[in-house]
Amino acid sequence: MPTHHPITRQHWHHSWLSALALLCASLACGAKQVDVHDPVMTREGDTWYLFSTGPGITIYSSKDRVNWRYSDRAFATEPTWAKRVSPSFDGHLWAPDIYQHKGLFYLYYSVSAFGKNTSAIGVTVNKTLNPASPDYRWEDKGIVIESVPQRDLWNAIDPAIIADDHGQVWMSFGSFWGGLKLFKLNDDLTRPAEPQEWHSIAKLERSVLMDDSQAGSAQIEAPFILRKGDYYYLFASWGLCCRKGDSTYHLVVGRSKQVTGPYLDKTGRDMNQGGGSLLIKGNKRWVGLGHNSAYTWDGKDYLVLHAYEAADNYLQKLKILNLHWDGEGWPQVDEKELDSYISQRLK
């Protein structure tokens, strides 16, 4: 008969602790995750910085994109002009984007009221993102563009910046109303270039009988353009955010060989005519996911987004997923990574 070596109490205890440690690692052992809406990121030196919707724009920093520390807020209070644009503004700045250009960091942000296009996109500038640096100081450059009810059939929120093959910098933006727009920025990236050049890049159907002051049924927002290979890829969020378990937010994508479009989906349908190929929709554990950004770091591509966790009363959580490409050059993500990527918010 084979000889069985008895398992000592000490060995069993050690094995149990090892298994517990592994379980804790996989579940972050109850550690507080980073709860953010509309995340965007950039890197300075060996540190990543994460920006999100929140009072004054919330900023976190990390050395590994998993463990995050609160860094600062871009505005100690709020932009001086915010309540003029939106009288019901509550101090929360929305949907930022961060862009590095000629030694400066440009932080774009949105001022608005929920469901209204009394909105504006502003920009504040810093030489560094490290609060310990003597050069650290946010300097607000004011309004880039503003939307006014009954005047504009677009909503000036959700900015995202992209440079084309010639180095020209563009801003995409938009939410509901007439869809997603793109315009050329001036040389200091603070205003539209003159003469102004605007393009429509994605729309969903909206009734012509809808009052222009209403957001309407065209549930599209949050453009983000990533340059990869021969194409510009336009990501957009469809559906409704911010409704906990009833949120229907999800991500679609199209692509174009020109930054100005047309952006076509996998079937060849123009995103200006309702096109958009599904990228990720979520599941029962993770709903309302979207408002993404996308990056290439050290030769690898990543999708950054928020998702609502059903098990935590649908609190929004940071997700960073690996972005892969199929044989036809279309982006793909693995839904399982919604579970495997778990951020930790350090004290």
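Student: What classes do the residues lining the second largest pocket divide into?
Tutor: That lining divides into twelve nonpolar, three polar and two charged residues, where Ala, Val, Leu, Ile, Met, Phe, Trp, Tyr, Cys and Pro count as nonpolar, Asp, Glu, Lys and Arg as charged, and the others, Gly among them, as polar. Bear in mind that this is a predicted model, in which local features need pLDDT of at least 70 and side-chain atom pairs count only at pLDDT 80 or more, while totals for chains, interfaces and linings use all residues. Residues are numbered from 1 along each chain as its sequence is written, and side-chain values use heavy atoms, with hydrogens and water left out.

Student: How much space lies in that second largest pocket, and which residues are closest to its centre?
Tutor: The second largest pocket holds about 350 Å³ of space. Tyr99, Ile161, Phe224, Ala294 and Tyr295 are the closest to its centre among the 17 residues that line it. Two or more lining residues come from each of β1 (40-44), β6, β10 (160-163), β14 and β18, these strands being DSSP runs (E, at least two residues) numbered from the N terminus. A pocket here is an open set of points on a 1 Å grid over the protein atoms alone, with protein on both sides within 12 Å along at least five of seven lines, whereas a cavity is a set where a 1.4 Å probe fits but cannot get out; lining residues have an atom within 4 Å of a point. Points are joined across faces, edges and corners, and a volume is the space filled by probe spheres set on them.

Student: And what lines the largest pocket?
Tutor: The largest pocket, with about 570 Å³ of space, is lined by 28 residues, and Trp94, Phe114, Glu221, Cys241 and Cys242 lie nearest its centre. Strand β6 gives the largest share of that lining, three residues, and by class the lining has 13 nonpolar, nine polar and six charged residues.

Student: Two cysteines there, then; how are Cys241 and Cys242 joined?
Tutor: Cys241 and Cys242 are joined by a disulfide with an S to S distance of 2.2 Å, the term being used for a pair of cysteine sulfur atoms within 2.5 Å, and the structure holds one disulfide. The link is left-handed, with -75° about the S-S bond.

Student: Is Cys241 buried or exposed?
Tutor: Cys241 counts as buried because its relative accessibility is 13%, while Cys242, at 41%, is partly exposed; buried means under 20% relative accessible area, exposed over 50%, and partly exposed in between, with a 1.4 Å probe and protein chains only.

Student: New topic: which sheet does β14 belong to?
Tutor: Strand β14 belongs to an open sheet of four strands in the order β14-β15-β16-β17, with antiparallel pairing, where two strands pair if DSSP finds at least two bridges between them. Both β14 and β17 (277-280) stand at the edges with a single partner strand each, so one side of each is left without a neighbour in the sheet.

Student: How many bridges join β15 to β16?
Tutor: Seven bridges join β15 (residues 231-238) to β16 (residues 250-256), and Phe235 has Val253 in β16 as its bridge partner.
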